[in-house]
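This report describes a protein chain for a reader who has its sequence and 3D structure at hand. Please look at both before reading on.

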Amino acid sequence: ATTIMADDPANKPILRPTGDYVVHFSNTSGAYIILDGLDFDAINASANLAVIKITEGAHHIRIKNCIARNSNSGHGLLISPGGAGGSNFNEIINCDIFGNGFPHSGSPEHGMYISTTNNLFDGNRIYDNWGWGVHQFSGPGIDDNIYRNNKFFMLNFTSYDGSGEPGRVKGDGMILSSGSRNLVYNNLFYDNGGGLKVGNDNAN
């Protein structure tokens, strides 16, 4: 695997590009890549969809000991199949995901939005986002994901009509709206409107 990592994990390099994303893996050439100990800050990016996006068949991406923060109006992390399909078998480990999803108009976005399969989310801290901590959604077939040892706290769900300052209403830590054989265990939920919700399309 190709590895990009901080020389000193205690002093994470901060990446603050302009454009739509801080990190964008797209198509099947984006595979077997490790990012370790980096701070992805979207404060200068338009970040219409996410700080970090994995899509269009990119797969086997491991992001560990990183920060994903300050998306102007998008998710902290978005993993979606895209037109090429796939984008499975990714790992998000020991990361901090916060300050994302401001509701400029309508509903906010989330800490993580997941719509692919066979991903691992282990030991992360997802907090102070304008939407839910995790929203797993996009119909049947989002299967075999593992969420373990994560902390979800200070999460919100606030719709906004674009006028004045939006209020904050506590939201849910995690919503599994679809899929089968997803495992959720040893996670901690606190200071949210709810913990874990399982939707009708989540078979087992």
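The text below goes from the whole chain to its salt bridges, aromatic rings and cysteines.

**Basis**

This is a predicted model, in which local features need pLDDT of at least 70 and side-chain atom pairs count only at pLDDT 80 or more, while totals for chains, interfaces and linings use all residues. Residues are numbered from 1 along each chain as its sequence is written, and side-chain values use heavy atoms, with hydrogens and water left out.

**The chain as a whole**

How many helices and strands are there in the chain? The chain has 0 helices and 21 strands. Both terms refer to DSSP runs, numbered from the N terminus: helices are H or I with at least four residues, and strands are E with at least two.

Of the 204 residues in the chain, 51% are buried. Buried means under 20% relative accessible area, exposed means over 50%, and partly exposed lies in between (1.4 Å probe, protein chains only). The accessible surface of the chain is about 8800 Å², and carbon and sulfur atoms hold 50% of that surface. Such areas come from the Shrake-Rupley method with a 1.4 Å probe; for residues, only the protein chains shown count as cover.

A contact means heavy atoms within 4.5 Å. Among contacts in the chain between residues at least 6 apart in sequence, 78% join residues at least 24 apart.

**Salt bridges**

The structure contains 9 salt bridges. A salt bridge is a side-chain nitrogen of Lys or Arg within 4 Å of a carboxyl oxygen of Asp or Glu.

| Pair | N to O distance |
|---|---|
| Arg62 and Glu91 | 2.6 Å |
| Arg148 and Asp122 | 3.0 Å |
| Lys197 and Asp172 | 3.2 Å |

In the salt bridge of Arg62 with Glu91, distant parts of the chain are linked: Arg62 is in strand S7 (residues 59-64), Glu91 is in strand S10 (residues 91-93), and the two are 29 residues apart. Arg62 is partly exposed at 32% relative accessible area, and Glu91 is partly exposed at 22%.

Arg148 and Asp122 also meet in a salt bridge. Arg148 lies in strand S16 (residues 146-148) and Asp122 in strand S13 (residues 120-122), so this pair ties together parts 26 residues apart in sequence. Arg148 is partly exposed, with a relative accessible area of 23%, whereas Asp122 counts as buried at 16%.

Lys197 forms a salt bridge with Asp172. Lys197 belongs to strand S21 (residues 194-202) and Asp172 to strand S18 (residues 172-179), so parts that are 25 residues apart in sequence are tied together. Elsewhere, salt bridges that share partners join Arg16, Asp39, Asp41 and Arg69 into one network.

**Aromatic rings**

A pair of aromatic rings is described by the distance of the centres and the angle of the planes. Rings of Phe, Tyr and Trp (its six-membered ring) pair if their centres lie within 6.5 Å; planes under 30 degrees apart count as stacked, over 60 as edge-to-face and the rest as tilted. By this rule there are 5 aromatic pairs.

Why is the pair of Tyr127 and Phe153 stacked? The ring centres of Tyr127 and Phe153 are 4.8 Å apart and the planes are at 5 degrees, so the pair counts as stacked. This pair links distant parts of the chain, with Tyr127 in strand S14 (residues 125-127) and Phe153 in strand S17 (residues 151-153), 26 residues apart.

Phe153 is buried at 14% relative accessibility. Phe153 also forms a stacked pair with Tyr190, at 4.9 Å centre to centre and 5 degrees between the planes. Tyr190 is in strand S20 (residues 188-190), 37 residues from Phe153, and is partly exposed at 37%. Phe98, Tyr127, Phe153 and Tyr190 form one aromatic cluster.

**Cysteines**

A disulfide is a pair of cysteine sulfur atoms within 2.5 Å. A search of the whole structure finds 0 disulfides. The cysteine sulfur closest to that of Cys66 is in Cys95, at 4.9 Å, which is too far for a bond. Cys66 is buried at 2% relative accessibility, and Cys95 is buried at 4%.
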